[in-house]
Amino acid sequence: MPVPTPSRDLAVDAARGVALLSMFVAHFAPTLGPGQVLLLADHLTAPLFALLIGWGAQLGRGRRGEWSSVLVRGAALVGLGLVLEDAGAQIAVVLVWLGVLTLLAVLLVRLPDVVLAVAAAALLWTAPDLVSSATTHLGEWRIERVFAGEPADGLYPRALEVLAAGPFYRLVELAPMAAAGVLLARHSGRVVTLVTLAAAALLAAALLGAEAAGEVALAPYSGTHLVLALELALCVLVVQGARALESLPGAAGRVVRPVLALLAGAGAVALTAYVVQVLVAAAWVRDAPPGTTDDSWLLLGGLAAGTVALGWAWPRIVRWRPWDRGPVEGPLRALAQGLDRVPPFRRRRG
């Protein structure tokens, strides 16, 4: 089984692998499964990627090449996102939001715990109102532009969509998830891990139980307070669950860690997997009859298995750094390292 390099965290990469598999389920599952259990993937995927961006930013704080790595990865995510949005896939591409969040996270990690926690809580509390106001304003702005015979697209409406008016993703909801990732990474001791894991499990169970009883509605992407609470609970459950499983002793640990390693291998090539899935999904529907969708168990299973296989095989085939990080990840890392050698990006010594 692949063994992560010292610069990588097995549990974090495994959680990223879970996010990838969740993404494939959200995009391609033809049914919602028994009790609509597969709908949880729509609650989990984007928030988990956001939380892991915050966690990764905290792990990378102060390391050599931090700023060049952030700039390259953030710009690459935004650029790839803009390109893939026009690929023709039936997928709401999240990369632009994650790219902006990557750039923002390098600032979040500079905030003290109290300031970061209060800001994240305040944003979570006000997010539904911000989304409602921004969506209403954007709709009115576009109507006015149409009646005036002027273009209704451009930088302003796109920025508003990224910030708060997007139909699926909004920075005001993803930023608190990244802040949670920063805080969890800072306080990653065993006691904190187990306490937050138990709290997340109880909260998720309570919310899902209330929904099953018809007491609350938890529609994905609706951005209500309860939906945001469920998403945060699920994200913490995955990340802290992976950390707890990683530390299992004895025979249980010997069984679990190889599985985590496979998930971590997939998580390490997450950006490659994202690009591939969009291109494959676009090709799937390009020449198909009208009304064809990309909902397919074959597509889901093939992408999931292919990503796990790629994550396992790539570092064994490509052994020189940084190209061993993945087909897309390697060149980006090489570019970041090149920028770090330029004086403005070079870490100060002494």
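Is R16 buried or exposed? At 15% relative accessibility, R16 counts as buried, where buried means under 20% relative accessible area, exposed over 50%, and partly exposed in between (1.4 Å probe, protein chains only).

The model is predicted: local features need pLDDT of at least 70, side-chain atom pairs count only at pLDDT 80 or more, and totals for chains, interfaces and linings use all residues. Residues are numbered from 1 along each chain as its sequence is written, and side-chain values use heavy atoms, with hydrogens and water left out.

**Salt bridges**

A search of the whole structure gives nine salt bridges, each defined as a side-chain nitrogen of Lys or Arg within 4 Å of a carboxyl oxygen of Asp or Glu. Three of these pairs are listed below.

| Pair | N to O distance |
|---|---|
| R16 and D13 | 2.5 Å |
| R158 and E161 | 3.9 Å |
| R170 and E173 | 3.1 Å |

R16 and D13 are three residues apart in helix α1 (residues 10-28), about one helical turn. Helices here are DSSP runs (H or I, at least four residues), numbered from the N terminus. D13 is buried, at a relative accessible area of 3%. R158 and E161 also lie three residues apart, in helix α6 (residues 155-165). R158 is partly exposed at 21%, whereas E161 is buried at 17%. Salt bridges with shared partners join E85, R142, R158 and E161 into one network. In the remaining tabulated pair, both R170 and E173 are buried.

**Helix α11**

Helix α11 (residues 270-286) has 17 residues. Its expected span, 1.5 Å times one less than its number of residues, is 24 Å, and this agrees with the 24 Å between its end C-alpha atoms. Its buried residues include A270, L271, A273, Y274, Q277 and V285. Among the elements covering the buried residues of α11 are α1, α3 (66-84), α10 (250-268) and α12 (297-317).

**Nonpolar cores**

A nonpolar core is a set of buried Ala, Val, Leu, Ile, Met, Phe, Trp, Tyr and Cys residues joined through side-chain atoms within 4.5 Å. The largest such core has 75 residues, and those with the most contacts inside it include F24, F28, L101 and Y274. Helix α7 (residues 171-186) gives the most to this core, with eleven residues. Leaving aside residues up to four places away in sequence, F24 touches A29, A273, Q277, L300, L303, A304 and T307, a contact being heavy atoms within 4.5 Å. A second, separate core of ten residues includes V131, A134, A164 and A165.

Conventions. Helix = DSSP H or I, 4+ residues; strand = E, 2+ residues; numbered from the N terminus.
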